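Please read this briefing alongside the sequence and the coordinates.

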Amino acid sequence: MWIAFLAAASCLPCHEEIVRTYAQTGMGRSITRPTVENPVRQEGSHGSARWVSLWNNKQLIHVINDEARPMQWAVGSGHEGKSYLLQLGDALFQSPLSWYARRRSWDLSPGYRSDHRLSFLRPATAECLGCHAGAAAPIAGTVNRYAAEAIPEPGITCGRCHGDGSGHVAQPRRGNIVNPTRLGQAARDSVCEQCHLSGSARVTNPGKQFSDFRPGLKLEDVFSVYVQAVPTSTDRIKVVSHSEQLAISRCSIASGGKLWCATCHDPHREPVDAVAYYQAKCVNCHAQTKPHGDACATCHMPRTDAVDGGHTAYTDHRIRKPGVPKMLLERSTDLRAWREPAGALRSRGLGLAYAGTGQLEKAYALLKDVPGDAAVNDALGLIFLRADRAALAVASFTLAVEADPRNSARRLNLAAAYFAAGNLVKAKAQAQEAITLEPLLQDAYVLMAEIEPGRAEYWRDLFAKKLR
């Protein structure tokens with residue numbers, strides 16, 4: 001499928017070797033259809049829930065208690081493992097079961113360890129698929145609804161790093177296709193950071209969405225990433241923190257910005273002998289250093305448990321001396337922009353980042369004087385709602401909905417504010433609007449059960465019926 005797409009885009013005729021080797025890389029296989037994994041059947045339990053993963057009649061089936069669901073997509077190259085997506089109606093959800101390749105075993109997906117009930121109702125959002133898929137087709141304003149062809153390009157495609165190739169196809173020359181190596185440092189690094197820098201929060205600019213990023217731009221032209229101001233020493237890292245780790249390495253600092261991802265990684269192919277390949281990369285810069293073994297990375301870039309990676313470990317890109325404390329690169333009390341956005345967006349971006357990480361006092365201090373757009377008013381509404389100031393929450397959420405009327409989550413926030421203010425009629429109307437926009441928005445049914453406690457069972461049954 002991937003090669004067929006590239007051929008249609010006319011990459012294959014001129015770049016046949018690159019296309020074919022890239023198709024075998026992790027990025028080229030970022031999303032695939034499920035395949036048989038051994039063992040083909042495995043059972044387990046977590047809390048009160050029993051689970052089964054089995055291959056049956058050419059389908060991967062996941063079972064939680066008595067609920068069985070077929071999996072439509074496998075997310076991940078399989079180097080470390082795979083997570084799985086199921087489709088209910090036009091919505092995509094993540095299964096609570098993942099395949100862990102190094103252990104050759106099924107187990108809970110990352111983030112499910114604290115959920116003792118387990119369910120198939122974790123939404124697969126557009127932001128999630130934005131990094132894992134070559135192209136997805138989310139319905140604007142919804143949490144996890146998609147067009148009829150939800151993932152038209154499963155694998156990461158050439159355009160993710162090289163931009164729109166239509167002009168290059170029409171008249172092939174160097175100047176009309178993006179070559180990341182020829183970009184300025186910030187734009188060059190942004191090509192990788194769009195997916196390999198999660199930070200503690202990501203904030204889009206007004207009127208932008210994550211999918212608006214194109215190679216050749218800086219991330220901050222579309223969105224800004226916020227990381228913890230001072231990394232905390234511990235023995236675990238985050239899965240998608242490669243850029244943070246590399247930036248604090250002595251190798252990166254000493255290079256003056258010359259060292260970047262492609263210095264060591266060839267995005268078009270995976271090495272046959274990874275140990276020898278990466279050892280040669282180290283020796284290329286450290287020819288005078290006498291190695292103490294056959295693989296510098298074994299000691300200087302050890303595999304490390306990931307705080308958000310489930311049951312697996314990842315390469316620590318800090319390139320540190322043995323014995324130096326490892327780094328936990330995740331949210332902390334103080335945040336900073338990875339690179340500062342334009343001046344007018346600085347308070348807005350940092351304030352929304354604090355709101356997104358639950359630090360509402362810091363968020364309010366920054367956002368109270370920022371011109372209100374839909375995202376700012378939504379965040380202020382959340383701040384007021386948490387502070388039991390329902391009337392102010394209603395006012396802020398109303399502005400957010402007026403600016404973005406087809407956004408189901410903002411409709412639901414407004415419904416919650418009306419409920420807190422005691423206006424059950426308007427709360428019900430907004431919750432029902434949210435359900436109309438997104439029929440499988442579970443929280444809307446939960447809120448309706450609270451608004452109408454006498455009909456709580458009706459709303460629970462209605463949601464269950466929608467899942468069939």
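This is a predicted model: local features need pLDDT of at least 70, side-chain atom pairs count only at pLDDT 80 or more; totals for chains, interfaces and linings use all residues.

Residues are numbered from 1 along each chain as its sequence is written, and side-chain values use heavy atoms, with hydrogens and water left out.

**Cavity and pocket**

- On a 1 Å grid over the protein atoms alone, a cavity is a set of points where a 1.4 Å probe fits but cannot get out, whereas a pocket is an open set with protein on both sides within 12 Å along at least five of seven lines; lining residues have an atom within 4 Å of a point.
- Grid points are joined across faces, edges and corners, and a volume is the space filled by probe spheres set on the points.
- By this rule there is one cavity of 30 Å³ or more, and the largest cavity holds about 40 Å³ of space.
- The lining of the largest cavity consists of T35, V36, E37, P39, V40, L54, W55, L60 and W106, which divide into seven nonpolar, one polar and one charged (Ala, Val, Leu, Ile, Met, Phe, Trp, Tyr, Cys and Pro count as nonpolar, Asp, Glu, Lys and Arg as charged, and the others, Gly among them, as polar).
- The second largest pocket has a volume of about 580 Å³, and of the 21 residues that line this pocket, S119, L121, Q442, F463 and L467 are the closest to its centre.
- The elements that give two or more residues to the lining of the second largest pocket are β5 (67-70), α18 (442-451) and α19 (456-466), where helices (H or I, at least four residues) and strands (E, at least two) are DSSP runs numbered from the N terminus.
- By class, the lining of the second largest pocket has 12 nonpolar, three polar and six charged residues.

**Helix α6**

- The 12 residues of helix α6 (residues 185-196) should span 16 Å at 1.5 Å a residue, and the end C-alpha atoms are 16 Å apart, which agrees; the expected span is 1.5 Å times one less than the number of residues.
- Helix α6 is mostly covered, with nine of its 12 residues buried (buried means under 20% relative accessible area, exposed over 50%, and partly exposed in between, with a 1.4 Å probe and protein chains only).
- The cover over the buried residues of α6 includes α3 (126-132), β12 (201-204) and α7 (242-247).

**Salt bridges**

- The whole structure has 22 salt bridges, each being a side-chain nitrogen of Lys or Arg within 4 Å of a carboxyl oxygen of Asp or Glu.
- D107, which counts as buried at 14% relative accessibility, forms a salt bridge with R103 at 3.3 Å between the closest N and O atoms and another with R113 at 3.5 Å.
- R50 and E43 meet in a salt bridge (3.5 Å, N to O), and R41, E43 and R50 are linked in a network of salt bridges.

**Residue I31**

- I31 lies in strand β1 (residues 31-32) and counts as buried at 3% relative accessibility.
- Leaving aside neighbours within four places in sequence, I31 is in contact (heavy atoms within 4.5 Å) with residues including W73, V75, L129 and I151.
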